[in-house]
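Dear colleague,

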Amino acid sequence: MDDEARYEAVRGRDERFDGVFFTGVLTTGIYCRPSCPAVTPRRGNVRFFPSAAAAQRAGLRACRRCRPDAVPGSAEWNARADLTGRAMRMIADGVVDREGVEGLARRLGYSARQIHRRLTADLGAGPVALARAQRTHTARVLLQTTALPVTEIAFASGFASVRQFNDTIREAHACTPRELRARSRDRAAVRAREAAEGGGVALRLAHRGPYAAAEIFGFLQRRAVPGVEEVTGEAGARTYRRTLALPHGHGVAEVRERAGGGCGGWLRCRLHLTDLRDLTTAVQRMRRLFDLDADPYAVADRLGRDPLLGPLVRGLPGLRSPGASDPHEAAVRAVLGQQVTVGAARTLTGALVAAYGKPMPAPDGSLTHLFPDPGTLAGAPLDELRMPGSRRRAVRAVAAALADGALVLDPGADRDEAERILLALPGIGPWTAGYVRMRALGDPDVLLTGDAGVRHGLERIGARARDAERWRPWRSYALHHLWNATLAPSLPPTETAEKR
């Protein structure tokens, strides 16, 4: 897009571009999302920015009406496999907060200067400014939605000192942290709500466009592993809950289904953390699991025009490709799911968790364990699992590669390199490597041609595997449409088993 096209999007209040670029109004010193309901500023008073950090770096404050710092992340950075995309995913996961820019550079294999130069060219801000913008957003959410003391919020947001926190809030919002908190609802009401809902940190996880919540929650419910995950409630009002192993401790996340799937909405999330410094990481993990930074408009534009796949896409707008809250867990579960149904894989994984998972200090509903870490599984006999010996060896091989760092599946991992290493491990074939690439690494362009559900879906719409070349770069979303097609009641029950 050029600036004239961006201005037309602003005039049309087009929410499709929320998070893709930001509008800075030089006369007011405020930046907005393109869909801001305020009066459209004159063209001569507007400047466009590729990121919220770039707008803040230019001295602009976030609009109080449209909250541009709370938009979904740009789907471009999640889809791209280049340095910028990898760096953005790692910054979102809190790597700069925990390890600094040098730690980010070490993980990516580039110098800090190269990373700064590339990010500034693509996003108008370097890694420090991008991480700072993320911390500022987290701080605002905590100030306005929780009763936590201001000092605790400063460190929970990732700031190194209270003074740095205060200065950043003043610069970004033109007020002190306490004044920013005062703009929200009465603090006593916040305390009462927290007590009534069981504590924790309540958040809204924003997404752009339609969201097929029923299908996503159904997908997760069918795969929920006992002890680690649970889905409660009836369809339309379900709550997904799971345990999380985090850098500074552990936690429990719960996300509520939002019926209706309207455009530009959110999912309600509540996080119970042993260490609030893990807040940013926990939020990003749930965003990846629910694929909340996707661009459903771009997906529908490409897939909806296909003569074979188009009817499925138009009939189910906003279908997402769920990722993983823990890529190591996703890799192990992919191996356990080889050549068996979803139900069998769930049973196997539950047995693994019961035998080798780390018990929670106290059960939380049916949640009792953290998923076993790779170091534990690398040397485990796995005799408790009723599966072939070759698959036990494959589980141990993947776990050992993750434990010693030979296989890297963090948010900034090189997808091609990870797949190459996976395929070199014993017992790992194209289906497993592709499934890990799609879910653990969030690749939007994976089609598992050897999957039984995909084959049945292709047959249902009269397509062949070679037709999928037209669906790039969104084949992961096409795959989920094919899987959903196999769940239709008109198919015989024996054909709904998915080999994944």
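What share of the contacts in the chain with a separation of 6 or more comes from residues 24 or more positions apart? Such residues account for 67% of those contacts. Please note that the model is predicted.

The chain contains 23 helices and 11 strands. Its radius of gyration is 23 Å, which agrees with the value near 23 Å for a compact globule of 500 residues. The C-alpha trace spans about 65 × 55 × 50 Å along its principal axes, and 57% of the residues count as buried.

As to charge, there are 74 positive and 55 negative side chains, and the centres of the two sets lie 3 Å apart. The count of salt bridges comes to 34, among them the following.

Within helix α1 (residues 3–11), Arg 11 and Glu 8 are 3 residues apart, about one turn of the helix, and their side chains form a salt bridge at 3.3 Å, N to O. Glu 8 counts as partly exposed, because its relative accessibility is 45%.

Glu 257 pairs with Arg 238, with 2.8 Å between the closest N and O atoms.

Arg 241 forms a salt bridge with Asp 364, the closest N and O atoms being 2.6 Å apart. Since Arg 241 is in strand β7 and Asp 364 in strand β10, the pair ties together parts 123 residues apart in sequence. Arg 241 is buried, at 9% relative accessible area, whereas Asp 364 is partly exposed, at 26%.

Yours sincerely

Conventions:
Residues numbered from 1 in each chain as written. Predicted model: local features only at pLDDT ≥ 70, side-chain atom pairs only at ≥ 80, totals over all residues. Heavy atoms only, no water. Helix = DSSP H or I, 4+ residues; strand = E, 2+ residues; numbered from the N terminus. Rg over C-alpha atoms; globule rule 2.2 N^0.38 Å. Buried < 20%, exposed > 50% of the residue type's maximum accessible area, 1.4 Å probe, protein only. Contact = heavy atoms within 4.5 Å. Lys, Arg positive; Asp, Glu negative; His and termini not counted. Charge placed at Lys NZ, Arg CZ, Asp CG, Glu CD. Salt bridge = Lys/Arg side-chain N within 4 Å of Asp/Glu carboxyl O.
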